[in-house]
Amino acid sequence: MLDSFVFSKAEYAESVLGANDKNIPYIEMLLSSELTLKGLVVSCRDNKYFTLLFAALENIAKERGEINESEIFMVYQKIIEGKDVLSFSEEKISFTVSSKTIWPKSESQRKYMESLKKDKVIISYGPAGTGKTFLAVCYALEEVLRGRKNRIILARPVVEAGETLGFLPGDLTQKLSPYLRPLYDAMEYVLPPLQIKRLEENGVLELSPLAYMRGRSFANAVVILDEAQNATSAQMKMFLTRLAENSKAIITGDPEQSDLKRGEKSGLIDAVRRLKGIEGLSIVKFSANDTVRSSIVRDIIKAYEDEDED
């Protein structure tokens with residue numbers, strides 16, 4: 001049987017199908033069916049998910065504009081699991097930085113964004129590409145640019161193969177910059193580099209090795225600890241006790257990518273175990289199914305997870 005879906009507007013069709021219909025091959029792969037397109041009508045033969053998928057994608061397009069592969073996969077996954085696909089289009093939580101609006105692309109991202117808005121300490125952990133660091137940075141920038149916080153502190157344990165800060169050239173910022181490049185990549189997605197540099201020069205944006213935070217306290221700030229799987233338990237306790245009035249701590253990491261020496265306990269894993277149930281502190285776990293970086297990244301992560309289980 002041939003099923004057809006009619007887009008209500010050409011702009012919605014373009015948002016769903018992508019520029020030059022670039023999303024069609026990916027949707028065909030998900031549905032295991034060939035699509036035909038004529039004007040605003042897209043058709044598919046013998047697929048029970050087709051109509052639900054395109055109806056949900058059009059609803060998202062009405063609110064958010066262009067849709068990418070990751071969002072298509074998240075909607076498709078919800079449909080095949082029998083979940084409410086309308087929740088994607090009805091979802092109102094978002095971050096706005098400059099002219100860009102950031103929406104959740106998975107159920108875990110939605111929970112994470114809600115936690116970022118309401119809790120004082122947020123721990124997020126899981127595989128690469130799930131948006132943990134990106135959403136933390138977007139939240140922090142929104143808070144500062146809207147005047148709700150005064151500073152953003154970006155911290156990371158400096159644990160890399162055989163190198164320490166002392167062997168790298170330049171001042172502290174120059175030494176730390178390579179370690180915090182992922183945080184800058186996230187910022188540059190929503191702000192021009194010149195504006196980021198201005199935030200640094202005005203003292204609004206500060207970089208800090210985790211080890212240098214001892215003895216300090218942070219008021220009216222968003223403090224982000226990235227790559228937290230490389231923090232020891234003692235360092236994690238030290239970090240969490242730096243918070244002062246009107247501050248928020250965001251901790252992100254992937255327990256599977258620890259660079260700590262053999263036998264050293266990860267402070268991230270320890271914190272997840274110890275801190276459950278504390279009011280004002282939330283823990284959000286991401287999985288390979290939440291990967292939004294690229295569909296191939298999701299498949300790679302799953303392949304490694306399956307190998308580990310074997």
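**View 1. The loop that holds D21.** D21 sits in the loop between helix 1 (10-17) and helix 2; helices (H or I, at least four residues) and strands (E, at least two) are DSSP runs, numbered from the N terminus. The model is predicted: local features need pLDDT of at least 70, side-chain atom pairs count only at pLDDT 80 or more, and totals for chains, interfaces and linings use all residues. Residues are numbered from 1 along each chain as its sequence is written, and side-chain values use heavy atoms, with hydrogens and water left out. Although D21 is not a glycine, its phi is positive, at about 60 degrees. Most residues other than glycine have a negative phi. With a relative accessibility of 34%, D21 counts as partly exposed; buried means under 20% relative accessible area, exposed over 50%, and partly exposed in between (1.4 Å probe, protein chains only).

**View 2. Y26 in helix 2.** Helix 2 covers residues 24-31 and includes Y26. Y26 counts as buried because its relative accessibility is 5%. The C-alpha atoms of Y26 and I72 are 8.8 Å apart, while 46 residues separate Y26 and I72 in sequence.

**View 3. The whole protein.** The secondary structure comes to 13 helices and eleven strands. Of the 310 residues, 50% are buried. Among contacts (heavy atoms within 4.5 Å) with a separation of 6 or more, 70% are between residues 24 or more positions apart. The protein exposes about 15500 Å², and carbon and sulfur atoms supply 49% of that area; the area comes from the Shrake-Rupley method with a 1.4 Å probe, and for residues only the protein chains shown count as cover.

View 4. Three strands form an open sheet in the order 1-3-2, with antiparallel pairing; two strands pair if DSSP finds at least two bridges between them. At the edges are strand 1 (2-6) and strand 2 (35-38), each pairing on one side only. From one strand to the next, the twist averages 25 degrees. Five bridges link strand 1 to strand 3 (residues 41-45) in the antiparallel sense. S4 has S43 in strand 3 as its bridge partner.

View 5. Six strands form an open sheet in the order 8-7-9-10-6-11, and the pairing is parallel. Strand 8 and strand 11 (281-285) are at the edges with a single partner strand each, so one side of each has no neighbour in the sheet. Neighbouring strands of this sheet are turned by 15 degrees against each other on average, direction ignored. Helix 7 packs on the sheet and touches strand 6, strand 7, strand 9 (221-225) and strand 10 (248-253); the direction of helix 7 makes about 160 degrees with that of strand 10. Axes are lines fitted to C-alpha atoms, for helices over the stretch in contact, and angles run from 0 to 180 degrees between N-to-C directions. Strand 6 (residues 121-125) pairs with strand 11 in the parallel sense over five bridges, and I122 stands opposite S282 in strand 11.

View 6. All five of the five residues of strand 8 (residues 205-209) are buried, so the strand is largely enclosed by the rest of the structure. L205, L207 and P209 point one way, and E206 and S208 point the other way. Strand 7 (residues 151-156) runs parallel to strand 8 and is joined to it by five bridges. Opposite E206 in strand 8 stands I153.

**View 7. The crossing of helix 6 and helix 7.** The axes of helix 6 (residues 107-118) and helix 7 (residues 132-145) come within 11 Å and cross at roughly 35 degrees. Q109, Y112, M113, L116 and K117 in helix 6 meet K132, L135, A136, Y139 and E142 in helix 7.

**View 8. The loops on either side of strand 10.** N246 lies in the loop between helix 11 (233-240) and strand 10. N246 is not a glycine, yet its phi is positive, at about 55 degrees. N246 is partly exposed, with a relative accessible area of 35%. L260 lies in the loop between strand 10 and helix 12 (267-274). L260 is buried, with a relative accessible area of 14%. L260 and T232 are 28 residues apart along the chain, and their C-alpha atoms are separated by 8.1 Å.
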